[in-house]
Amino acid sequence: MMSDFSISFPLTFNAQALLMVVATYLILLHIFRYVSGPANLPPGPVGYPVVGVLPLMRHMPHLTVQRWWQRYGDICSMYMGSRLVVILNSVDVMRECFVNQSDVFAGRPWNYFRKLTKNKGIVFTEGEVWREHRRFTMSCLRDFGMGKVCLEPKLHEETRCFLNELAKHSGEPFDITTYLPKTVSNVICSIIYGSRFDYNDDVFVANIDALEESVRKQTMLGIINFLPFLEVLPKILPTDKVLMRNVNMRDEYAQWQLDRHRESLDVENPRDFIDAYLTRMQNMLEQAKSSTFHESHLRRTIQDLFISGSETVTTTLKWSFLFMVLHRDVQQKVFDEIDRVVGSGRLPTMKDKTRMPYTQATIMECQRVGNIALFSVPRCTLADCVVNGYNIPKGTWVFVNRWGVHKAPQYWTRPNVFDPTRFLNKDNEVVWPDTFIPFGMGPRSCPGESLAKMELFIFFTAVLQAFRLELPDGAPTPSLEPSVGLNMSPQKYFVCATLR
Ligand code: HEM
């Protein structure tokens, strides 16, 4: 007993002393960071040594950020871990940064995900690579039907497959969101690869599962973006292996598709995005022009489009169907408009959309209330700048409080009430307020906006044309508390879809 004590006491004492020294050092370092850091930063919460405000954001971060807006104003700054971060809260300040000073705010931070994607493609690149790839992608998406009537047959084919799956459950409680990722991904796949996939195709299912797994795991890894000294962790943790396996799997599949496309390429008749890209590469080579077009960027751009084009629309539809179950009066009004304009003999088209203001407004309200992302992909300043009189140094990470804007009482009357009519004027026409920003703003806003709007309208309207969505008898009301991770999605819920 005695000897136990005599050995452990000095050790305990030393450990305590060491802890005290480390804690004092960290607190001093924390104070030093503020005293010696950039002057005249926007105000914001102080946070803790080393981790900054991260612990304050653990639970319901969107509500925490909303409180900071009220307390510190339209732009606030803070340290998340070791990163200096600004959060843009008001629409005016977002416009100042992303439109008026768009060149300065067009960067992406060098975070874990950017390193994972090796600085290729569109989403995580900057400068000439980003500019050329974004311009090319947008024109390609338009050529292959984005926002145009010629994409409708593809959307209708996909809609029929989706409706067939729903019909199999004929009124029984089921998770309507099970099929959504496949339905939605198939649209972007048919633009990239030129064809859709069967819902049971092994490779397709593996890619969809890998995407969902990556979204879940990236939440855990998000923290590493703010604490770079933890970057060794992923190399040890199984999470990194899973992410790398998924990235490599998609990369290998993209390469396989690329090889198949090259074998049958007809530069006069590009069939899809890959053909168009290969043609551009060939043209550049023939004209001996220097360009950023390269197979490695093509493989990554395919992944960028697949991920951005699948997750976002899927999550929006998950929220939309949930809101329809919860707001039966709204669902009934959408039914009435569908019956009046489309009827039941054919699928809805984009031409119908202009004559269906209530349905359009309902989809917009689903987007407003069911915000799908807390911050989306962060930006990074490419030079020192001044915003609202505050200094923002080069290399600052920039987040957008999109959730807050869509819920702010200064922008919306009764913001917590689900009311599609807020998007209709007195002549029953759809109005798009400046404060409604689901697709971002400025030159780095969503390049897939028109495609997303088409998909949301056709899928949403077609489901409500065919089915009445209800809660299963006796089921508790599903929670509206989002599951906050890389995106903000509704918690799992079950519905009964009865043929109308
Ligand atoms: C409801 C659906 C969607 C929403 C709400 C949405 C939202 C957004 C937002 C807010 C951004 C801007 C991020 C920033 O400011 O830096 C963005 C970027 C992006 N989106 Fe979407 N998006 C949707 C659908 C799509 C689709 C269908 C595609 C596929 C074509 C797509 C492709 C992209 C890409 C590639 C970027 C990165 C752009 C860049 O970094 O320049 N999105 N999206």
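Leaving aside its neighbours within four places in sequence, Ser 291 is in contact with Glu 132 and Met 284. The model described here is predicted. Ser 291 is found in the loop that links helix 11 (273-286) to helix 12. It counts as partly exposed, because 15 C-beta neighbours lie inside 10 Å, a number between the limits of 12 or fewer for an exposed residue and 20 or more for a buried one. Between Ser 291 and Tyr 358 the separation is 67 residues in sequence and 46 Å in space, taken from C-alpha to C-alpha.

The loop between helix 1 (2-36) and helix 2 holds Asn 40, and Val 50 is also placed in the loop between helix 1 and helix 2. Asn 40 is not a glycine, yet its phi is positive, at about 60°. Val 50, likewise a residue other than glycine, has a positive phi near 70°. As to exposure, Asn 40 has 9 other C-beta atoms within 10 Å and is therefore exposed. For Val 50 the number of other C-beta atoms within 10 Å is 15, so this residue is partly exposed.

Helix 2 (residues 61-72) comprises twelve residues, which at 1.5 Å a residue should span 16 Å. The expected span is 1.5 Å times one less than the number of residues. Gly 73 follows helix 2 and has a positive phi, near 105°.

The shell around the ligand consists of 26 residues, of which Ser 308, Gly 309, Thr 312, Cys 446 and Gly 448 come nearest. Two or more residues of the shell are given by each of helix 5 (127-143), helix 12 (295-326) and helix 17. Helix 12 gives the most, with seven residues. Divided by class, the shell around the ligand has 14 nonpolar, eight polar and four charged residues.

Helix 12 also packs on helix 15 (residues 357-369), at an angle of about 110° and with the axes 9 Å apart. Angles of 65 to 115 degrees count as roughly perpendicular, and helix 12 and helix 15 are therefore roughly perpendicular to each other. In this contact, Thr 316, Trp 319, Ser 320 and Phe 323 of helix 12 meet Ile 363, Cys 366, Gln 367 and Val 369 of helix 15. The residues of the contact of helix 12 with helix 15 comprise five nonpolar, three polar and no charged. An α-helix has 3.6 residues a turn, so residues three or four places apart point the same way.

Helix 17 (residues 449-466), which gives two or more residues to the shell around the ligand, packs with helix 13 (residues 328-341). The angle between helix 13 and helix 17 is about 90°, and their axes are 10 Å apart. This makes helix 13 roughly perpendicular to helix 17. On the side of helix 13, the contact involves Gln 331, Val 334, Phe 335 and Ile 338, which meet Thr 461, Leu 464 and Gln 465 in helix 17. By class, the residues of the contact of helix 13 with helix 17 are four nonpolar, three polar and no charged.

How values were computed. Residues numbered from 1 in each chain as written. Predicted model: local features only at pLDDT ≥ 70, side-chain atom pairs only at ≥ 80, totals over all residues. Axes fitted to C-alpha atoms, helices over the stretch in contact; angles between N-to-C directions. Helix = DSSP H or I, 4+ residues; strand = E, 2+ residues; numbered from the N terminus. Parallel < 35°, antiparallel > 145°, perpendicular 65-115°, else oblique. Contact = placed C-beta atoms within 7 Å. Nonpolar A, V, L, I, M, F, W, Y, C, P; charged D, E, K, R; others polar. Near = placed C-beta within 6 Å.
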